[in-house]
Every structure is written in structure tokens, then in C-alpha cells.
Amino acid sequence: MKVEERPPAPGAEPPTEAVASRVGWTERASQLGLQLLAPAISLLISAVVGALVILIVQRNVGDLADVASTMWDYGLANRSAFAFIFGRATPFIFAGIAVAIAFKAGLFNIGVEGQYAIGALTAAIVGTKLSAPTVIHLPLTILAGMAGGLAWALIPALLKVYRGAHEVISTIMMNYVANGLLLYLLSGPLKDTTQVGAIAQQRTVPVEDTARVGSMVPFFNSIGFNFRGSSPVTWLFLLALVAAAVYAFVVRRTRFGFELRVLGINPRAAEPAGIRSNAMMMKAMLLSGAVAGLAGLQDLLGFDGYMKLDYVRGYGFTAIAIALLGRNTGIGIVAGALLFSYLDRASSGIGLNTGVPKEVTIIMGGVIILTIVVAYELVRRATARRQLKEAHERA
Amino acid sequence: MARTDDAPAEAGREPDGAPLAVECRGITRRYAGVIANDHVDFKVREGEIHALVGENGAGKSTLMKMVYGMEQPDEGEILVRGKPEKIDSPRKAIALRIGMVHQHFMLVDAFTVAENVVLGAEPANGGRLDLDEANREVAELARGFGTNLDPAARVETLAVGQQQRVEILKLLYRRADILILDEPTAVLVPQEVEELFQAMRSLSQQGKTIIFIAHSLEEVLAVADRITVLRDGKVIGTVVAADTTEEEVAEMMVGRPVLLERVHGQTPSGEPMLEVEGLRVLAGAREQLAGANLTVRRSEIYGLAGIEGNGQAELVEALVGLLHPDGGSIRLGGKDVTRATVRDRRELGLCYIPEDRHARAMVLPMTLWENSVLGQQERRPFSRRGLLNPKAMRQRATDLVRAFRVKAPSIAAPAYALSGGNQQKLVLAREFASGPKLLIAAYPTRGLDIGATEFVWKQLVSARDAGLAVLLISANLEEILALADRVGVIYDGRITAELDGSQATMNELGLYMTGARSDREPAA
């Protein structure tokens, strides 16, 4: 039985007017404007609060000017500033996507931190123990990183699906376990025994050159940038951008993404629609872990070249803020990652060039997180009100 | 529409001198060019029960929201007890002793009855909450309208009807004497409806004015003194309940005669499509389903009657595949699907209209075109090798919206932009479009107005005539008797009777439903 062939509905009402199948351009533009409004408000407030904090702590207007000029000169105008921003944004983007995948399924993956630590560890093992040509070694090392992250997400996923254990608790616990494991391995079985003397580091031996990721500086310089040769931007940045694009495509244009969204927004409607929530949660969590595993590779394969004790750097927690800021959209996550990366960059500039504690950028980041939630909610209510009104008028 | 002339001789009184509690004069409310209320004149006398009826979207809720201060009229004025008032917020309305109970309750589940009632206006003793005083006052108020709610009971432990009573108590506690009830019966089971009506009558006898928005005309005629009908934002007329009939009011609402009467099947029923044998579902130690047997054939509407909580919910979930039965078997078109997944059953031709469409049949923040394929997302042309085809999805949505006359701003609008009746239409349209062989419809007309109900009934009948097997679960006996070819009664987890739909009577069904009578287990 096909709908098109159904007899007309009862009564002799005139046929309903054609229903617009797409939202008009003006409508779209105004919606986009609303979407951008929230982050803009949030950034503005964070700048104001940051300024107030500096004034209160330093009691000196001159410091405020110092900070502002440093945030511009060192943070953006410096010749290598963007190389640093892109470099740091790389793990942020991966970690942000990892958080967002789980979010989409209605899950809270707080364990990205542990997952990329383990991912980096497995990648370090493959990167140091294996010897093969780059075309084989590097992809294997990257896959090993994903496998490590996936494995670390597997336990919380199993606990969630089979025992109903809340993923927030179990992923946080796994972070501690990961940290403990790292301490043990780096000071024991995987320790680089050539490191001796007063400044000996607890770290692994360096990964083979065949497993290192190349610098992207020559590429950027060839298109007109002027980065210093040692600037930390690698081809993983491109991989991160590709990952964000793939993520956006999967969420919007694939059946998997559709089912993921249904499950995340309304789990009770998922089952009657033939979506097996347990299987979907499992897939989402494992995928999230695998992508999280990529977040650890930038420092390992592109920068340090080895794993050391202070390897775990809080990317996983910043990523939660980034996913929130970017509303779990691919482009939003990239933007959020660039923003937080910029704050990091500004932070070191402030520490170097001014008398102001560099932690002021942490305060600004915090204010962004706090205000963005409120700002999005206000915008959401405004749009919902408008849509409801439209519904009223038509009904 | 013709209305008796207003004699503006004395403000706040009817021409015959009866005092008015609320009077709306020429109220107009527009939303971006569309008129929700068009010069509405509406008078409510003091102490009466006044029903406001109309189809979904006729403007009832908009009008009441303006009286309660949630929205402001663009034109016209509202008089309360004869005085023009600018009601610009619910706070102002409460100050004017107007209170409103919304369809969705606004209660704190973890609080007690008394705590909920006094919330926001707590009796305090030097800054300390005086709970004893609150309990005393609330108990007294509750007795005042003939209900024995325990003020110390936690709200989450109460039945829906009792929770509604708590909402009314909240209004009384704030000394409201004009009470607005927004579709109060939509959430209640029949027994609770009767209790609510008693409470309403007793409040009315105490001089309270009650305005209630309603769908069921039977209910309206049972309790209201006067009825005002709205259609397309205009007042069609106000009638005295005692002098009118259901048919008359229905015609005023819809604008044409409405026929809700028994529809006979045109085709004899065919081979069995759904066969259920000895189905058992346990919840802890309790048997929610204790060996239910049931057969639904092609070209047949099988009506399952019963008081809610007798195993219907478990039966439906087991049939759809949302829970695994603890015993028995389910066969769909001759195939054993007892443990099959929802998707497999859907592929075999099952379609499902859930009881709670907001929660189980739609994803409200998602667009209509996405909702239009929910449950069919893995089929071509909506997806192919895992990739969605938005064009095909939009096309399907457009077709569904046209075929079922869903009133929607655009198929790109989120589902929450639709009214309840239109959401139900979309769900119905979608499920029918899935090429079904068996339709499971749980309470498909709950909360719908009479026009939408008629529409759903006709769709169910034409589905039957097109050869579908239809299992209709309903608490509405009129619906069962009007549609079902065979009627089964479920009581205490068993099908205790099966009757011919054309011969069953309401009384007879009532006896089976309450367990007063029971047949042997009918043969499948």
C-alpha cells in the first residue's frame, strides 16, 4: 500500500497548499546569525572578565595593555604563531571529535584523557619496536594509536551495555588506571635505559624515524606563510581537518549518523524504529575511543618523539569544552579547537612578556565555557519560541 | 458568525444580570500575519463550568494563555469581574485570583503534596518553613473539595489523577477562584475522569468558576454548564449544555456533520497474520502477561479492550520486539518472530503506532523529513549502502504531508512545531507508507480532537479494507465498538473473552473488563 495511492482524506476540503520543502535563504542566514551570536557574546564576556581580573589582581592599567598587545603580537601576529596554534589544535580537534561522537549517542566520554594516553603508548610501542619502511610503519603506528584508544573505551562500553554502569564513572576510573599503567611502564619495562645522570628522564626510547610524521612547515611556507622551521605543525593537522569533515559527513549524511542522533536525542524512539541501542552505544563508544587515540599522536610522532611521564596533558578535558563550544558539529569543533589553542599560545606569551600570571587565559577559557552554555540556551529558546509561534499561527 | 447582540449596559454582567467572571471583548492575536484568535468575544459567568471546545489549533489554548497572562492580545480587552485588566504575566493573573492547570504538570516529583502546593508561597516561621502548618492547610483544602489526598505523600507515588488534584490544590492555595484547566481529561483513565468531574462540580458549587479546554464531547456534555465552540480562531457560538447534543457541537466544531458510527468491513477477514500463543511476561514475581492467546487475521480489526495496566503495554512491547517474553510464541505471517529484532519484524510487515507518540514515535527536535522515515531509514531509497538520501527523504515527507493533510510550516521544521493531532497524522502516514501487513495501533486517538479522531478512524478502516491485519488497543469502548470486527478483552494478563464486534455491547464489555465475568480461554 502506497501513500501516494491512498484515497483523498475525508471531507471536501480544498487540498492543502504546497508545503515548502526547504527553508528559505533568508531564514537560513538568520539562523546562522543566531548560531554565531552565542559564541560572539561568550567571547566578549570572557574578554571583559579577563580584563577585570587583571585589573583587580594587578591594579595596573598598563598590565592590561601589555596583555592585550601580547595576545595580539605574540598570539597572532608573530611569524610562527599560527604554526603553534595549528599544532596544538591538532590533538584538540581529534579529542573534540571523540567527545562529540559519544555526545551524539547521548553518552559522556570523560575518558578521552586515558584513551589517548593508552593510544599514544601503543603507538609508541609499535613506533619503537617495529622497523619497516615509512609507508607501512607510519600507518601501522597511527592504527596502533587508534587501537589503543579503542581498547581503553571497550571496558566502559561493555560495562555500560551489559551491566548498566554509568559511562561517566567508568571512564573517569579508566583515566586513573591509564595513568597508573603509564607510570609503571615508563619507569619499568619501556624505560629508555640510556637516560642516565642528573637530568635523566623517565621516558621511552625515541620512535623510529620511519614512524615520525613530517612537518607541515615547508608546505605552509610554500603557500606564503613564514613559519620557523622548528614550528610544531605536522601533517596530522591535515588528518585532523579531514577527520572533522568525515565526522560531519557521517553524522549528517549516513544512516549510522542518523541512528546515532535518534538514539542520542530520544532513546525511547530508537528501539521502535529498529535501532538497537546497545549495539549503537557500543559502536559510538568504541569509535569515540579510536578517535581519541589519535589525539595522543601529535606530541609523540610530531614533536617529542618519545613518551614521557608528563605525557597526559588534559586535552581530553579541554575537548569537552571544545565539543560544547562547537555544538558537536565538525566545523564548530575545528573553530573551538583553534580558539583554545590560541588561548594556550597567548598564555605562554603572557608568561614570557608580561608581569601578569599567564593563568589569566585559563580564566578566560573557563568564562567561555560557562557563558557559552547560557548563551546557546538563550539563543535556543529564542528560536524555539519563534518556531512555536509559527506553529501556532499555522495550526 | 451570528451572535446575540451584546448589551453593554452594565460592564461585567450578562444582559440577564448574571455576573461575569471573565469577559473577552474582541480579542485578536496574530502570529506573524496568521490569526490565532480573530475578534473573540467570550463570556464566562461566575460559578459556572464553561467548556471551551474546538479542533486542534482552533485557538483555545491561545485564548486561555492570554487570560492567564502568558501572552498578550494584539487587540481587544479582557475584563475580570467586570473590570478591564491588563494581564501581562501569570503573576498578575494569580493576583487576580486566576489560576491555570497545564496539560503537562509542573510538579516536583521528589516533594510531598504539601511541599508542592506551598512551593513559592510557603508559610514561614521566622525564615523557617512551617511544614506542619503547610500540611494542615493543604489537608483542609483537599477536604474542601472532597478528595482525601495525604499531604505528606510524595508526588511521584501518586497516580496521574491525584497529581492533577495537587495542581488544582496549588491554585486553591493561592486563593484562585477562576480556574482554567487545559485538557484535564487527556491524561486520565475513565475512572479518574469521573472523579475529576465530581471535584469540578463540588468546586463549582462553592462558587468557583471553571473554564476547561476539552476534546471529548461526551465529557463536555456531562460536566459543563455552557459550551463555547471555537473554529479557526473565531467563536462559532456559545450553547447551554443541557439544550444541545453531541452531534450539534461536533458540527459546530468541524463545520460539517461528523459521523462517528460503526463502520462495517467490506471484505471478509482472511488468513491469520498475527498468532500469539501462551505469551507470558514477568515483572519480578508478578505475571504482567499470563499466557495470552490471540489471533489477528488479514482484513480484520481486532479491538483489544481493557482497563489500563492489565497487560496491554507488555503485550504491545512483546509484539513489537521491545521486550523479550518469558514464555509463549509470536508468529507473524506464519513466521516465528518471538525473539526477532524490531527491524526484522518491520521487514516482515509490522508497523506500530505507539501510545506515546512524542516519546516513542518521533524525535521532536529533528526535522519532519527525518521523522518521516524513522523506522524505515535502512530501506531504499532513503539509504543505500549506509548513505542517506535526503532528497528521497524530503520527497517522502512531502508526500506524507500532502496525503494526510498534515498542517506543517515546512518539512524542514522540527517535529515539535506540529500540534499533537498533526504529529499523530504524520506518524500514521509514515507507518502506513511502510507497506505494512500488520498494524499495531495503541490508543491511536488519545488526545485527538473529533475531526482528527474521525480521520484516524477512517484510515484504520481503509487499512483494514486494503487487507491489513489491525490490532487496535484502546481504552475507549466507543472506539472499539465502532471499529472492531472482533473484540477481545484483556484482564489481569489474559484475554478473558472474545466477542463479535457487531454484537458486543458496552455493558457486556464492562463486565469482562472489570473481571466480573470471564470466559474460558478462547481458542486461538
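A nonpolar core is a set of buried Ala, Val, Leu, Ile, Met, Phe, Trp, Tyr and Cys residues joined through C-beta atoms within 7 Å, and a residue is buried if 20 or more other C-beta atoms lie within 10 Å of its own, exposed if 12 or fewer and partly exposed in between, with C-beta atoms placed from the backbone. The structure described here is a predicted model, in which local features need pLDDT of at least 70 and side-chain atom pairs count only at pLDDT 80 or more, while totals for chains, interfaces and linings use all residues. Residues are numbered from 1 along each chain as its sequence is written, and chains are lettered from A and ligands numbered from 1 in the order in which they are written.

## The cores

The largest nonpolar core has 198 residues, and those with the most contacts inside it are A:Ile93, A:Ala95, A:Ile97, A:Ala98, B:Ile440, B:Val470 and B:Leu472. Helix α3(A) gives the most to this core, with 18 residues. A second, separate core has 68 residues, among them B:Val53, B:Leu107, B:Val117 and B:Ile236. In soluble globular proteins, nonpolar side chains tend to be buried together.

## Chain A

Chain A has 15 helices and 0 strands, where helices (H or I, at least four residues) and strands (E, at least two) are DSSP runs numbered from the N terminus. Its C-alpha trace spans about 95 × 55 × 45 Å along the principal axes, and of the 395 residues of chain A, 47% count as buried. Two residues are in contact if their C-beta atoms, placed from the backbone, lie within 7 Å; residues 24 or more positions apart account for 76% of the contacts in chain A with a separation of 6 or more.

The axes of α3(A) and helix α14 (residues 330–353) of chain A come within 7 Å and cross at roughly 135°, axes being lines fitted to C-alpha atoms, for helices over the stretch in contact, with angles running from 0 to 180 degrees between N-to-C directions. That makes α3(A) oblique to α14(A), since angles under 35 degrees count as roughly parallel, over 145 as roughly antiparallel, 65 to 115 as roughly perpendicular and the rest as oblique. Where the two helices meet, the residues of α3(A) include A:Phe84, A:Arg88 and A:Phe92, and those of α14(A) include A:Val334, A:Phe340 and A:Arg345.

Helix α9 (residues 255–265) of chain A is mostly covered, with 8 of its 11 residues buried, including A:Phe258, A:Leu260 and A:Val262. The buried residues of α9(A) pack against α3, α8, α10 and α11 of chain A together with β20 (387–388) of chain B.

## Two sheets in chain B

In chain B, 6 strands form an open sheet in the order β6-β9-β10-β3-β11-β12, with mixed pairing; two strands pair if DSSP finds at least two bridges between them. The edge strands are β6 (98–101) and β12 of chain B, each of which pairs on one side only, and the twist averages 20° from one strand to the next.

Another open sheet of 6 strands has the order β18-β21-β22-β15-β23-β24 (chain B), again with mixed pairing. Here β18 (350–353) and β24 (494–500) of chain B stand at the edges, each with a single partner strand, so one side of each is left without a neighbour in the sheet.

| Strand pair | Sense | Bridges |
|---|---|---|
| β9(B) and β10(B) | parallel | 5 bridges |
| β11(B) and β12(B) | antiparallel | 6 bridges |
| β23(B) and β24(B) | antiparallel | 6 bridges |

Within these pairs, B:Leu179 stands opposite B:Ile210 in β10(B), B:Arg231 stands opposite B:Lys234 in β12(B), and the bridge partner of B:Gly488 is B:Glu498 in β24(B). Strands β11(B) and β12(B) form a hairpin with 2 residues between them, and B:Asp232 in the turn has a positive phi of about 50°.

Helix α15 (residues 450–465) of chain B lies across β15, β21 and β22 of chain B and runs at about 150° to β22(B). Helix α17 (residues 506–513) of chain B packs on the sheet as well, touching β15, β23 and β24 of chain B, and its direction makes about 30° with that of β23(B).
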